[in-house]
Amino acid sequence: MANTKYMKWIQQHKTVLVLLLLAYLFSVGVRLLWVYQNGDMESYRHNGSFMINTNDGYFWAEGARDILQGGHQEYDRSPVRQAASQLTAFVAQVLPFDFEAIIFYMPVFLGSLIVVPIILLARDIQETASGFVAALLASIAWSYYNRTMAGYYDTDMLNIVLPTVLLWSLVGAYQTRLRMYQLIAALDILVYRWWYPQSYALEFAFIVFILLYAGFRVYKKHSIRYEIELITLMLLATLMTDGLIRLGLVIVLYLLFTREKAGKYLYLFFGVSVAAFFITGGFDPIWNKLQGYVFQNTTVTSQEDLRLHFFTVMQTIREAGNISFELFANRISGHQITFVLSLAGYVWLCYKHRIMLLALPMVGLGFLALNSGLRFTIYAVPIMALGIGFLIMQTTSYMRHRSLRYIAAGGLSILILLPNLLHVKRYNSHIGPVFNKQEVQLLEKFGNMAQREDYVVTWWDYGYPVRYYSDVKTLIDGGKHRGSANFPVSFVLTQSQLAAAQMARLEVEYTERDYARKEKNRDLPEEQREPIAPTIEQMTLNHGFKDTNLFLQSLQLERIKLPEKTRDIYLYLPYRMLSIYPTVGLFSNLDLMTGKSYERPFFYMTQQVKQDRQFLYFAKNLKMDKKEAVLQIGDSSVPVKRFVQTRYEQSGLQTKVQRFHAQGLNVLFLKSYNTFVIVDEQTYNSLYFQLYILENYDKTLFEPIILSPWAKIYKLKI
Ligand code: MG
C-alpha cells in the first residue's frame, strides 16, 4: 500500500521533517514582522498590497508583467527571458493572489528555503541539531535578512539557497556515495545557472574542489568512479549551451551511469565533457573575471575617434568600498563575538568532518566583502552559521545532565539570535517602498496617457519603477548606468531648457537607432561588426564638430537640426531627485575630452533652519543676513541674487521671487516641503529647477502633463 509506504518514510524522517518545518516557520515568521510593524503605513500600499522596497525588483516585475500580458516592445529592456521574471509569472498564474502581493511575499517564502539545505547537510554529517541552530541563525542573519526580507524582491531570494543546495549535495555525495546526490548536484547547477547566470565562478570552484578530492583518492589508491561520474555530470550542467540541452545531457548520462557496463566508457564520457566544457567557452567567464579583477580600476574610455572620458559609476556607488571588520562581522553573524566564535566553530567542524572544507568557496566569496563591497557577505552566512551551531552543540555535549544540556544549548542559541532579531526590528522601521502611493498612482495615470514606445527621460534610480508602472521606455536604469549612458540624461536634467530639450531628442533617437545596430552586429562575425561609439561622440561628429565641448555649447545657444522624431518623449521629475541633484550632476559636469571634472556647482539643502531677527541659520557655517540679503559662508560673504518662495495651494503652485543683487546665490524656500535649497545660477537655471521646482517652462519646448508635488511630467515638444 502506497499510503503505508509514505507513513513509514515520514516515520523514519520525522525528526528532520519537524526541524525543517520549525526552522522554515521561524524564518517566515520573522520576515512577517515587517508587515506587523508597518501595517498601518498607508503610503506603503498600492491597491491594498504592500509595494516592494528594492529598485531592481521592478526590473523582474516588468518582465513578469510582460510575460503575463503576452508581449513587450522591442528594445524596451524587459527581461522576459530571465528566470526571476519567468518564475514570478508562473507563480502569479498558479496562485490566486494579486500580482503585487506575490512579488512582495516571494522573498519571504523563497529566501526562507535556506533552512532546508542547511539542515539536510547537517543531517548528512550526523550533526542535525547543529544544523537546526544554524538554520535559525542563517535565515535571519543580518545581511541575509536585509537581502531576503519581505519586499526585497530580487534574485537574492534564491542566490544563497541554490549554492547551499549544491554544497549539501556534494557533502551528501561524499558521505553516502548515493547516486541521488550526483543528480541533485547537476540539477541544482542547472537551476542555479538559469536563476543567476553569474553563478559559474562558484560552480567552477566546487568542481575544482571535487577534482582535488578525486586526486587525493587516486593517491590513496581508492576507486574514483563515483567522483568522475559526479564531475562529468557537473561539467555537463555548466556547459555554455542552452539549458534544455544541458538538462537532456545530464539525464541521459545519469541514466547511463546507473548501468554497470557504462563503467568501461567512463573516461570517454569524462574526456568528452571536459572538452565540451572548454569548447563551449565554459572557462571564458572565469578567465574574463580574473582579467576584470586586474583591470577593475580603469576609467571607462571609448575606443573611438574622440576617446571621450566619462565619469565612472564606481565613484558614486557606496557598496564598492572597503568595509570595517565590525560591519563585516555583523553582517555575517549579527555580532562580532558570534562571528569570531563561528569561525572557530567552522575550523573545528572541518577538523571533525574534513568534507566541510568544501564550503571554502562560499566562505571565500563571503570574505571578499572585506574589500569588494557589502553584497558578498551573504555567501558566508550559512557556513558561519553551521560553525556556531556546531560549536554550541559540541561544547554543551560535555554536560552530563540532559536537561541542563538542552537549557544551555537553547540559551546559547537564543543569545546568538538576539542581535539579529534586534537588527530586524530596527531595520524594519526604516525600510519602506521604493516609491510611495502617490507617485505610483501618478505613474499609472501617466502610463494610460503615453504610448508604450514613448521614452521617459529620468535618472536611472527611477528607470525600473517608471517602466513597471507606466510601461514606457527609459534611457537608463538600474542595469544601464555607465558613465556614457548617464552623461546625456545628467546633461538634460542639469542644463538649461534649450540644451536639455535638444539633448533629450538627440539621445532618444540615437539610442533607439543604436539598439538596432547592436542587434545587427550580434549576428555578424566579429571582423564585420560596425563599431558603435558613445552617442555623444556620434552626435558631435555628425554635427561637424571635433570637440564635444563645442558641440555641447552649440546646444545651449541655438536650435540645431535634430533627427526625425519617431516617438514622444517625456521628462519625469520627482521630488525625491532633489536631494541627489548634486550626484546626478556629477555625470555631466566634466570635460569629456580630458575627463577632468569642472568645479562643483553650489548646492545646499536643509530642513533644519532656525532664525532670529537678523539671520536665517542654515548650518553652523552658513547663515543669511535677512536685511542685507547676504549669505555668510564661513568667513566669506556672498550676496543673495534671488530669494524664492514656493508653496502649493488649491490652484496649484504659487511662487514668489524677490530679487536682491545682480549676482550671487539663490535661496529657495519650498514651503510645502519645509525645505531650503541654496544654489548657484547654473543650478537655478537647470531644467530640474525650472520645470520641477518653479514650473517655469519654455512653452515652445515643453508641455506639462502631470503636475503634482510628488513629481512632474512634461512632454517634449520638439
Ligand atoms: Mg514595454
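## A network of salt bridges

Glu62, Arg77, Arg467 and Asp477 are linked in a network of salt bridges. A salt bridge here is a side-chain nitrogen of Lys or Arg within 4 Å of a carboxyl oxygen of Asp or Glu. The model is predicted, so local features need pLDDT of at least 70, side-chain atom pairs count only at pLDDT 80 or more, and totals for chains, interfaces and linings use all residues. Residues are numbered from 1 along each chain as its sequence is written, and side-chain values use heavy atoms, with hydrogens and water left out.

Helices (H or I, at least four residues) and strands (E, at least two) are DSSP runs, numbered from the N terminus. Arg77 is not a glycine, yet has a positive phi of about 65°. Its relative accessibility is 26%, so Arg77 counts as partly exposed. The classes are buried (under 20% relative accessible area), exposed (over 50%) and partly exposed (in between), with a 1.4 Å probe and protein chains only. Glu695 also has a positive phi without being a glycine, at about 55°. Glu695 lies in the loop between helix H31 (687–693) and strand E17 (702–707).

## The magnesium site

The magnesium ion is coordinated by Gln73 (OE1), Asp76 (OD) and Asp471 (OD), at 2.2 to 2.4 Å. Donors are N, O and S atoms within 2.8 Å of the metal (3.2 Å for Na, K and Ca); water is not among the atoms, so sites may look incomplete. Along the chain the donors follow the spacing Q-x2-D-x394-D. Gln73 lies in the loop between helix H3 (57–69) and helix H4 (83–94), and Asp471 in the loop between helix H24 (463–470) and strand E4 (473–474), so this pair ties together parts that are 398 residues apart in sequence. Both Gln73 and Asp471 are buried.

Asp471 has another partner. Arg65 forms a salt bridge with Asp471, with the closest N and O atoms 3.3 Å apart. This pair links distant parts of the chain: Arg65 is in helix H3, Asp471 in the loop between H24 and E4, 406 residues apart. Arg65 is buried, as is Asp471.

## Other salt bridges

The structure holds 29 salt bridges. One of them joins Glu227 to Arg177, with the closest N and O atoms 2.8 Å apart. Glu227 is in helix H13 (residues 225–238), while Arg177 is in the loop between helix H10 (161–176) and helix H11 (179–195), 50 residues apart. Glu227 is buried, with a relative accessible area of 3%. Arg177 is partly exposed, at 30%.

Arg567 forms a salt bridge with Glu512, and the closest N and O atoms are 3.5 Å apart. Arg567 lies in the loop between helix H28 (548–557) and E5, and Glu512 in helix H26 (residues 497–523), so the pair ties together parts that are 55 residues apart in sequence. Arg567 counts as buried at 14% relative accessibility. Glu512 is buried too, with a relative accessible area of 11%.

## Aromatic rings

The structure holds 46 aromatic pairs. Rings of Phe, Tyr and Trp (its six-membered ring) pair if their centres lie within 6.5 Å; planes under 30 degrees apart count as stacked, over 60 as edge-to-face and the rest as tilted. The rings of Phe311 and Phe587 have centres 4.9 Å apart and planes at 75°, so this pair is edge-to-face. Phe311 is in the loop between helix H16 (284–294) and helix H17 (325–333), and Phe587 in the loop between helix H29 (581–586) and strand E6 (590–591), 276 residues apart. Both are buried. Phe446 and Tyr570 also form an edge-to-face pair, 4.8 Å centre to centre with 75° between the planes. Phe446 is in helix H23 (residues 437–449) and Tyr570 in strand E5 (residues 569–574), 124 residues apart. Phe446 and Tyr570 are both buried.

Trp34, Tyr44, Phe50, Phe104 and Tyr105 form one aromatic cluster. Arg45 lies over the face of Phe50, at 4.3 Å from the ring centre. A charge sits over a ring if NZ of Lys or CZ of Arg is within 6 Å of the ring centre and within 35 degrees of the ring normal. The charged end of Arg375 sits over the ring of Phe376, 4.9 Å from its centre.
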